[in-house]
Amino acid sequence: MNRSTPSTPTIPGCASPPAGTRDGAGSGLANGTGATNGELPVLKERGQREVFCGLTGIIWLHRKMQDAFFLIIGSRTCAHLMQSAAGVMIFAEPRFGTAIIEEKDLAGMADANEELDRVVTRLLDRRPEIRTLFLVGSCPSEVIKLDLARAAQRLDTEAGGEVRVLSYSGSGIETTFTQGEDTCLTSMVPHMPPHAGAEPSASRPGGTIGSTGTREAEPGTAPAPPTSLLVVGTIADVVEDQFQRIFGKLGVGPVHFFPPRRSAELPPIGPGTRMLMAQPWVNDTMAALAQRGCERIDAPFPFGVEGTTEWLVAAAAEWGVGRERVLEVTAAARERGRRAVARHRATLEDRSIFFFPDSQIEIPLARFLGRELGMRLLEVGTPFLHRGHMARELALLPGTPRLSEGQHVDRQLDRCRADQPDLVVCGLGLANPLEAEGLSTKWAIELVFTPIHGYEQAGDLAELFARPLVRRELLEV
Amino acid sequence: MELTIWTYEGPPHVGAMRIATAMKGVHYVLHAPQGDTYADLLFTMIERRDHRPPVTYTTFQAQDLGGDTAELLKTAVREAHERFKPDVMLVGASCTAELIQDNPGGLAESLGLPIPVVPLELPAYQRKENWGASETFYQLVRALAAPHAPPPAEPRPERPAGQAPSCNLLGPTALGFRHRDDTAEIRRLLEAVGVEVRVVAPLGATAHELARLGEADFNVVLYPEVAHAAASWLKRTFKQPMVTTVPIGVGATRDFLREVAGVAGLEADSLVERMHTQLPWYSRSVDSNYLTGKRVFIFGDATHAVAAARVARDEMGFEVVGLGAYNREFAREVRAAAKEYGVEPLITDDYLEVEEAIREAAPELILGTQMERHIAKRLGIFCQVISAPVHVQDFPARYSPLMGPEGANVLFDSWVHPLMMGLEEHLLGMFQEDFEFGNDTLPSHLRAEVPNDPATANGGSPAGSAPAITAAEPGASADSAVPESDPAAEPDGDIDPEWNAEAEKELGKIPFFVRGKARRNTERFAREQGVVEISVDTLYEAKAHFGGR
């Protein structure tokens with residue numbers, strides 16, 4: 001490995017270096033390095049990013065919330081993206097569409113609102129079951145500064161309570177892939193009802209709680225006793241039910257999941273609400289919830305047996321339930337999970353893996369693969385590194401993988417080819433070309449679309465990584 | 001603004017990518033925001049290409065907008081040139097970059113690269129994918145071939161005696177519908193009749209080959225959507241004749257050979273005689289009788305739709321009940337053809353409008369695109385895909401052209417397949433209530449192809465498969481999102497006839513593949529006659545009235 005030594009320490013969370021630095025050095029490794037907690041250096045890169053934009057989050061959000069419709073205000077490119085990225089998978093009419101901006105909209109901005117009204121009316125007529133309509137901003141709508149927040153407010157008032165109209169940005173200039181879920185959820189937070197006994201929303205000034213919502217942000221202040229648990233980030237319905245049962249046995253609750261299955265039934269929140277991240281990309285949502293008085297429980301992510309246990313232990317502690325009790329309640333599930341994971345150990349142990357940045361899920365998965373399956377981590381790329389939310393994961397990461405944030409895809413491909421990993425986790429644009437070069441690949445997008453959380457899915461998660469290797473062994477052609 | 005659920009064409013820069021990706025030694029720098037890189041997967045996943053498309057995206061983000069996005073572009077162009085060392089570079093903008101007006105072409109030219117740089121102006125808010133492909137191919141051909149153009153007044157020199165006539169095949173692209181196999185088939189056909197194929201472009205062509213396009217005796221325009229503009233320029237500039245008949249189907253392939261013979265100075269009849277294909281005999285063999293008058297609705301890009309209509313009527317004996325295309329640039333050709341088939345031309349890229357027209361026409365078979373496959377699924381009608389937009393299934397591993405003699409065989413097999421029931425069709429008609437026929441059971445060879453309804457996909461029971469089939473009846477359409485056929489649109493729309501129980505039961509005895517039509521005809525008949533309650537008699541009166549059509 002040719003990792004550079006950390007040079008100028010970067011302040012955690014600081015912005016990426018300006019664009020001008022990207023072409024200065026011939027080597028991608030000189031692009032900018034920082035350090036996480038004085039340990040692993042982080043290679044920060046700028047350049048071509050081979051990633052989806054936030055619009056693609058709609059692909060799972062529109063199935064998760066069955067009474068919601070997502071209307072992208074964008075270009076033909078947006079519509080084509082959704083169709084190409086999602087179309088091949090869709091077997092029913094999708095609950096999303098695109099209002100395509102045309103030349104006449106660009107020429108005369110005055111009638112943009114009328115145009116939007118017309119499109120929304122047509123849409124709501126076709127889909128009377130819609131309870132929440134999201135106006136989703138795109139690159140073009142943001143560049144021409146279409147005020148969708150205002151339009152949403154107006155349409156919401158006009159709908160007279162029948163349909164809630166919200167807006168968020170899924171644009172590529174603002175969001176990377178899963179960040180589209182983050183901006184979507186953030187737009188819903190102000191509409192979540194205060195829980196019984198809680199003061200009206202925004203009762204706690206933002207200053208008293210850190211932007212991450214963790215208790216460390218306000219030392220010395222006694223936290224409100226826990227009144228409810230909010231699990232944040234889309235997970236499969238079946239996994240929600242599994243977690244719900246475990247929390248029930250632990251006496252942790254009431255538990256709500258966000259986003260909910262029905263957008264019209266938003267969970268109540270307020271001081272006393274403890275938040276547990278189920279997905280690593282809900283960073284802004286966590287900050288918005290913290291503004292409403294919710295407090296984040298610091299935990300690793302529930303991937304693999306270990307991650308799931310630590311996630312549950314952290315939550316249980318808030319309710320005064322100790323580790324032993326968690327281990328007792330989860331003993332059978334942990335054992336099942338371990339057995340299921342162990343089946344893939346022979347395939348994956350000591351094999352090397354290289355992650356291209358995709359969804360922000362890379363670090364937790366690398367931790368799982370490194371610790372529970374004995375894989376060797378070469379490079380772990382992430383589109384965005386939230387050091388606060390990722391601290392527990394980084395601390396658990398085995399070995400000394402190269403951590404990279406952002407992307408310069410050509411240089412990253414150079415590194416990948418130099419590394420010759422046994423398995424590459426990458427996007428759909430890179431997978432077949434790398435396979436053709438003789439590398440085994442795992443589509444990153446599958447990791448976002450498959451139930452992989454918790455004990456019962458730990459084996460499935462391991463299998464997703466084992467399958468490409470097993471298949472390569474299997475084929476005689 | 002236009003509300004879109006599905007789109008038939010991508011943005012114009014995707015058309016440009018289809019040209020760049022098809023060629024060798026071409027690199028395309030696209031000024032575009034993060035996320036537009038999704039287009040790579042069209043090629044790597046849908047077409048299963050084993051290389052990344054030769055495209056560098058600037059992938060600017062919001063924080064760059066306040067700064068210098070122009071500098072980003074210049075850096076990307078410089079780096080792409082150093083890394084990929086292309087022979088020619090295309091530079092352009094996607095929809096978002098068009099709005100920030102950085103003038104990518106001008107910026108790239110200012111770098112003084114030692115290779116030709118072709119700036120692309122593809123207005124994303126007015127134009128679409130096919131136009132983008134055509135414009136890109138035209139600009140490339142012009143930029144590379146123009147330096148070799150003869151003086152305008154100079155006549156084209158005669159082909160030396162003893163030299164075989166030669167041509168270029170123009171139009172096949174990456175991500176093209178069966179372009180790979182069409183090209184192989186037509187090359188084989190031309191070579192068999194003694195015509196040399198010099199350059200195939202853009203698919204597989206180098207910049208050097210584009211520069212030499214003018215050397216061939218004539219150009220064959222396989223896909224007018226892509227190559228008509230470039231071939232017209234070559235005709236003007238190099239005085240190369242163009243062959244414009246698209247050789248899809250037996251008749252069209254014969255016409256194509258006659259046209260080739262004309263420009264190549266060959267004897268036409270012997271060329272045509274040498275062509276062998278199974279379609280004419282298969283279509284004349286008695287088992288094909290049942291194909292007669294099958295109602296077919298055709299929609300796709302103009303070239304494929306018009307070609308399919310001719311094959312459907314003249315070579316399969318179908319009745320064309322609808323004909324349309326989504327690319328307005330070629331609306332004239334579709335209108336002319338529609339007139340010949342006596343149908344209203346449907347020129348639209350609104351998928352909902354196409355669905356409405358298909359529902360109205362109640363065909364037995366749809367020849368369409370992946371979008372019509374969705375419509376067909378909902379309406380319970382069979383569909384074969386004949387045109388882009390494409391799906392991974394449209395890139396079969398086997399040799400499967402649409403053009404030329406083998407293409408005609410492929411058309412026969414694939415179109416007849418969903419209809420193939422021969423004598424069984426009669427048995428089904430006579431013994432509808434055989435428990436194994438089950439009123440609503442699909443033929444066994446089709447089970448996998450109509451996975452419309454979850455119940456059909458996982459169930460074997462006739463009851464389980466019922467929804468997929470009865471969906472053909474307007475009243476039974478499961479999707480609330482689709483507007484029901486509007487009785488007010490009918491002549492005497494004030495009466496809405498009701499089926500009585502006995503008639504409804506009798507309707508159920510009619511084979512599923514004509515049931516939708518029977519229901520529609522009976523209701524129309526009832527309305528015309530002012531019948532409020534449809535009885536068994538009304539059903540049969542309607543049948544007599546419409547003569548089974």
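Modeller: Let's start at one spot: Val220(B) stands opposite Val243(B), a residue of β9(B). Bear in mind that this is a predicted model, where local features need pLDDT of at least 70, side-chain atom pairs count only at pLDDT 80 or more, and totals for chains, interfaces and linings use all residues. Residues are numbered from 1 along each chain as its sequence is written, chains are lettered from A and ligands numbered from 1 in the order in which they are written, and side-chain values use heavy atoms, with hydrogens and water left out.

Colleague: Which sense do β8 and β9(B) pair in?
Modeller: Parallel: β8 (residues 218-221) of chain B and β9(B) are joined over two bridges. Strands count as paired if DSSP finds at least two bridges between them. Strands (E, at least two residues) and helices (H or I, at least four) are DSSP runs, numbered from the N terminus.

Colleague: What is the strand order of that open sheet?
Modeller: The order is β7-β6-β8-β9 in chain B, four strands with parallel pairing. At the edges are β7 (196-201) and β9 (242-243) of chain B, each pairing on one side only.

Colleague: And what about the open sheet with β3, β2, β4 and β5 of chain B?
Modeller: That one also has four strands with parallel pairing, in the order β3-β2-β4-β5. In chain B, β3 (55-57) and β5 (117-119) each have a single partner strand, so one side of each is left without a neighbour in the sheet. Neighbouring strands here are turned by 20 degrees against each other on average, direction ignored. Strand β4 (residues 88-93) of chain B pairs with β5(B) over three bridges, and Met89(B) has Val117(B) as its bridge partner there.

Colleague: Which strands does helix α1 of chain B lie across?
Modeller: Helix α1 (residues 12-22) of chain B lies across β2 (26-31), β3 and β4 of chain B, at about 160 degrees to β2(B). Helix α4 (residues 69-84) of chain B lies across β2, β3 and β4 of chain B too, at about 165 degrees to β2(B). Those angles run from 0 to 180 degrees between N-to-C directions, with axes fitted to C-alpha atoms, for helices over the stretch in contact. Contact means heavy atoms within 4.5 Å.

Colleague: Switching topic: how many residues does chain A take into the contact with chain B?
Modeller: Chain A gives 70 residues and chain B gives 64. There are eight salt bridges between chain A and chain B, where a salt bridge is a side-chain nitrogen of Lys or Arg within 4 Å of a carboxyl oxygen of Asp or Glu. One salt bridge joins the side chains of Arg52(B) and Glu50(A), at 3.8 Å from N to O.

Colleague: Is Trp281(A) buried or exposed?
Modeller: Trp281(A) counts as buried because its relative accessibility is 1%. Buried means under 20% relative accessible area, exposed over 50%, and partly exposed in between (1.4 Å probe, protein chains only).

Colleague: Where is Trp281(A) found, and what does it touch?
Modeller: Trp281(A) is in the loop between β9 (273-277) and α9 (283-291) of chain A. Not counting residues up to four places away in sequence, Trp281(A) touches residues including Trp60(A), Ile361(A) and Val448(A). Trp281(A) and Phe177(A) are 104 residues apart in sequence, yet 9.5 Å apart in space, C-alpha to C-alpha.

Colleague: How much of chain A is buried?
Modeller: Buried residues make up 61% of the 477 residues in chain A, and its secondary structure comes to 19 helices and 15 strands.
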